[in-house]
Amino acid sequence: GASPDFELEASLSQERLEHVFATISPTMRAVLLLRLRDDRSWDEIAKDLELTVREVRRYLARGYEKLRVALEA
């Protein structure tokens with residue numbers, strides 16, 4: 001199996017990710033999940049959530065930044 005260190009690191013990352021998702025706006029959460037989990041295009045996300053593509057890009061940029069910071073912490 002995976003080393004205990006790796007498992008600890010993975011669970012820490014999971015916790016940090018969950019914290020980020022718990023603290024961001026519902027819209028940003030939806031945009032990130034549609035992109036990362038469901039692999040939707042910017043256009044599809046915009047249509048699904050009734051946003052402009054520009055808004056989707058902005059949510060993704062800010063959301064990715066929050067995730068990156070959380071995973072580096």
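Biologist: How many helices and strands does the chain have?
Modeller: The chain has 4 helices and 0 strands. Helices (H or I, at least four residues) and strands (E, at least two) are DSSP runs, numbered from the N terminus. This is a predicted model: local features need pLDDT of at least 70, side-chain atom pairs count only at pLDDT 80 or more, and totals for chains, interfaces and linings use all residues. Residues are numbered from 1 along each chain as its sequence is written, and side-chain values use heavy atoms, with hydrogens and water left out.

Biologist: What percentage of the residues counts as buried?
Modeller: Of the 73 residues, 23% count as buried. Buried means under 20% relative accessible area, exposed over 50%, partly exposed in between (1.4 Å probe, protein chains only).

Biologist: Switching to helix 2. Which residues there are buried?
Modeller: Met28, Val31, Leu32 and Leu34. They cover an arc of only 165 degrees around the axis, which puts them on the same side of helix 2. The arc is that of the directions from the helix axis to the C-beta atoms.

Biologist: What covers them?
Modeller: The cover includes helix 1 (4–23), helix 3 (42–49) and helix 4.

Biologist: At what angle do helix 2 and helix 4 cross?
Modeller: At roughly 85 degrees, and the axes of helix 2 (residues 26–36) and helix 4 (residues 53–72) come within 9 Å. That makes helix 2 roughly perpendicular to helix 4. Angles under 35 degrees count as roughly parallel, over 145 as roughly antiparallel, 65 to 115 as roughly perpendicular and the rest as oblique. Axes are lines fitted to C-alpha atoms, for helices over the stretch in contact, and angles run from 0 to 180 degrees between N-to-C directions.

Biologist: And Ala70, where is that?
Modeller: Ala70 is in helix 4. Ala70 is buried, at 12% relative accessible area.

Biologist: What does Ala70 touch?
Modeller: Arg16 and Val20, not counting residues up to four places away in sequence. Contact means heavy atoms within 4.5 Å. The C-alpha atoms of Ala70 and Val20 are 7.1 Å apart, and the two residues are 50 residues apart along the chain.
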